[in-house]
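Visitor: Hi, could you walk me through this one?
Guide: Happy to; here it is.

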Amino acid sequence: MQTLQTLSFTTLLPLSSKPLLKPSVTYKPHVPNKPFKPHLPIPFLVRSYSSDEYPVGDDDAFLESFGPREKESEEEARKRNWIERGWAPWEEILTPEADFARKSLNEGEEVPLQSPEAIEAFRMLSPKYRKEKIKEMGLTEDEYYAKQFEIKGEIPDPLETLWSGPMVLGLIPPRDWPPRGWEVDKDELEFIRGAHKLYSAMRVDYENVEERVEKEKETAAMCLERYKVFLKQYHEWVEANRDRLEEESYKICAGKVTAVHLYQGAFVDIGGVHDGWVPIKRNDWYWIRHHIKVGMHVIVEILAKRDPYRFRFPIELRFVQPNIDHLIFNKFDYPPIFHRDEDTNPDELRRDCGRPPVPRKDPGVKWEEEPLLSNHPYVDKIWQIHNAEQMILDDMEANPDKYKGKKLTELADEEEFDEENSVEYGKAYYKKALLPKMTLKVSVKELDLEAAYAERQLHYKLWKEAQERGETYKITRLRRNEEMDEYDFIHWRRSVEEREALLRDISCRQALGLPLEEPGRYVDASYLGKDKYDPDSPLYRYDYWGEPKNSEKSKQERVTDAHNKSIVGKGTVWYEMSYEDAIKQQMEREALGIKPKQYDEDDAVEDDDDDDDDFDYSILGSPSANVSNQPHVNGTESLRLSDEGTFED
């Protein structure tokens with residue numbers, strides 16, 4: 001799919017050769033001295049010219065406005081393209097082939113080279129000529145290639161972070177002191193919190209900041225005493241939690257830039273197992289390309305330490321010296337992670353990584369109201385084992401010679417048992433019908449044949465005793481049936497406990513005012529838009545021909561269509577009434593005993609005044625009239641009624 005974009009015509013000015021750095025602009029509101037006067041429109045002059053013969057007037061002004069612009073140089077065009085279109089490479093180091101391709105762009109096709117730059121670039125394609133040129137410059141080959149990496153053009157001054165004014169440190173203790181679980185003296189805490197009351201209603205006048213600082217130092221209004229009490233309590237807490245704080249400490253340290261990457265950022269060696277990662281990407285490199293180079297020594301601050309198994313860059317940093325934070329705008333939404341084969345649950349993965357949930361449509365299922373489960377997954381396996389045991393015992397009764405002199409515990413598999421290929425699918429005939437067949441293979445080692453044989457002997461003995469008494473003996477339950485019931489009961493108990501835990505969780509959340517669902521997990525259906533791709537929907541199958549003819553949806557459509565035809569009459573009247581209202585009206589008529597008018601096909605043929613001889617009145621009447629007799633096209637039902645010839649009169 002192609003997207004058409006409307007281009008806006010703008011005037012492109014050539015850029016200076018200096019690299020573009022974002023200037024620090026101090027905003028000063030402009031207060032006009034003169035009163036505001038609105039611009040009055042220039043009176044419109046009516047001229048007796050049509051649009052195509054309007055005179056140009058001043059030829060110089062016309063050419064200045066509409067004539068060809070002065071052609072900008074290729075360097076300026078590349079720099080403009082670099083900034084405007086978000087294409088930010090490093091210092092461009094071109095191979096001889098690329099250098100020749102660029103310099104010969106404007107020479108034309110199949111013509112001799114004209115410009116000396118293009119001719120020189122063509123000669124540099126030869127390795128022999130390149131070596132001669134390197135010797136003339138008095139450089140070795142390594143020095144020549146190292147020179148290609150030097151910064152070309154003017155090198156900007158080192159960055160200095162400038163503040164708009166003096167920084168005033170209000171010595172106010174943090175409002176969340178003390179930490180949770182840490183006991184302090186209540187009188188001291190009340191004395192510390194007095195600083196908050198003093199500074200809560202205070203406003204800072206930026207013009208008299210320095211005077212005020214000097215005044216507060218003299219009058220002791222900086223709350224130094226209160227802050228000293230806070231520092232005493234803080235140092236006590238630090239001493240008690242020193243080990244934990246050292247493990248979690250984020251500190252400032254020195255390092256060395258080891259690598260830079262256009263889409264990932266800069267990597268700094270700070271002496272740890274992993275290199276630190278400074279997130280920088282795309283066009284931000286344009287502003288800082290002169291200030292961050294491989295091999296330079298920097299000062300960085302550790303912002304985050306993460307799990308190296310999950311995150312690609314476990315240590316996140318920011319540059320302190322040189323301070324380039326104000327030149328980085330393209331932030332990473334989330335730190336990059338590793339996706340592994342064992343990550344089968346995407347919700348669990350994004351929770352581990354601290355990412356928000358993927359919005360999905362609310363299914364509307366209340367799990368606390370769902371029926372309890374009592375179908376243990378191992379029950380199917382027990383049923384297979386039970387059937388295998390009974391088949392072997394039946395075979396023992398049918399072929400006793402085959403098992404003569406053998407113990408049931410000594411039976412072994414005739415061929416090696418492969419659990420992966422234990423299920424075979426095929427087809428078999430049953431009463432002249434070819435049906436799918438599934439063959440299950442069970443290892444003899446999993447069977448308890450002795451217990452099954454003893455159970456069968458017991459039932460055989462009880463059957464004989466009942467026969468002697470003249471009674472009928474019926475086997476109600478076998479040993480494996482009871483085992484399956486026990487497993488199902490275990491599963492049911494687990495389901496009950498899960499429901500109780502869920503209800504407890506819902507009750508606690510409602511009591512505390514917490515959301516029942518994870519915030520952001522489910523969104524309104526309108527958020528996802530219409531016709532969102534759903535792999536489970538038949539609409540997105542490659543061979544989808546429409547709703548099946550026997551589905552409930554198409555049946556409702558056929559009933560609605562038949563009802564609409566029944567109220568059309570002769571095709572000249574259409575009642576503006578919904579299907580539901582018409583059904584209600586029909587039920588009211590039936591309750592009053594009013595029968596709808598029936599159209600007889602014979603009467604329609606005998607009527608000489610009626611011109612609609614081709615109209616099929618059998619479709620009219622009750623809403624379900626002839627629903628099953630409509631023709632089928634591609635699995636859907638088409639209508640017999642067409643408007644061809646119906647409205648000719």
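Visitor: Let's start with Arg-282. Where does it lie?
Guide: Arg-282 is in the loop between strand S3 (276–279) and helix H11. Helices (H or I, at least four residues) and strands (E, at least two) are DSSP runs, numbered from the N terminus.

Visitor: What kind of model am I looking at?
Guide: A predicted one: local features need pLDDT of at least 70 and side-chain atom pairs count only at pLDDT 80 or more, while totals for chains, interfaces and linings use all residues. Residues are numbered from 1 along each chain as its sequence is written, and side-chain values use heavy atoms, with hydrogens and water left out.

Visitor: Back to Arg-282, what is its phi?
Guide: Positive, about 55°, although Arg-282 is not a glycine. Most residues other than glycine have a negative phi. Arg-282 counts as partly exposed because its relative accessibility is 36%; buried is under 20% relative accessible area, exposed is over 50%, and partly exposed is in between (1.4 Å probe, protein chains only).

Visitor: And what about Lys-432?
Guide: Lys-432 is not a glycine either, and has a positive phi of about 65°. Lys-432 sits in the loop between strand S7 (423–430) and strand S8 (433–440). At 84% relative accessibility, Lys-432 is exposed.

Visitor: Which residues are joined by cis peptide bonds?
Guide: Trp-177 and Pro-178 are joined by one, with omega about 5°. Another joins Gln-321 and Pro-322, with omega about 0°. Pro-178 is in the loop between H6 and helix H7 (186–200), and Pro-322 in the loop between S5 and H12.

Visitor: Zooming out, how many helices and strands does the chain have?
Guide: There are 19 helices and eleven strands. Of the 649 residues in the chain, 23% are buried.

Visitor: Which residues touch the most other members of the largest nonpolar core?
Guide: Val-268, Ile-280 and Phe-319, in a core of 21 residues. A nonpolar core is a set of buried Ala, Val, Leu, Ile, Met, Phe, Trp, Tyr and Cys residues joined through side-chain atoms within 4.5 Å. At least two core residues come from each of strand S1 (252–261), strand S2 (265–269), helix H11 (284–288), strand S4 (297–305) and strand S5 (315–321). H11 gives the largest share, four residues.

Visitor: What does Ile-280 touch?
Guide: Leaving out residues up to four places away in sequence, its contacts (heavy atoms within 4.5 Å) include Trp-285, Ile-288, Phe-319, Ile-324 and Phe-332. Apart from this core lies another, of eleven residues, among them Ile-392, Met-396, Leu-449 and Ala-452.

Visitor: New topic: at what angle do the axes of H5 and H6 cross?
Guide: Roughly 90°, and the axes of helix H5 (residues 127–137) and helix H6 (residues 141–148) come within 10 Å. Axes are lines fitted to C-alpha atoms, for helices over the stretch in contact, and angles run from 0 to 180 degrees between N-to-C directions. H5 is therefore roughly perpendicular to H6, the term for angles of 65 to 115 degrees (under 35 is roughly parallel, over 145 roughly antiparallel, the rest oblique).

Visitor: Who makes that contact?
Guide: Arg-130, Ile-134 and Met-137 of H5 meet Glu-141, Tyr-144, Tyr-145 and Lys-147 of H6.
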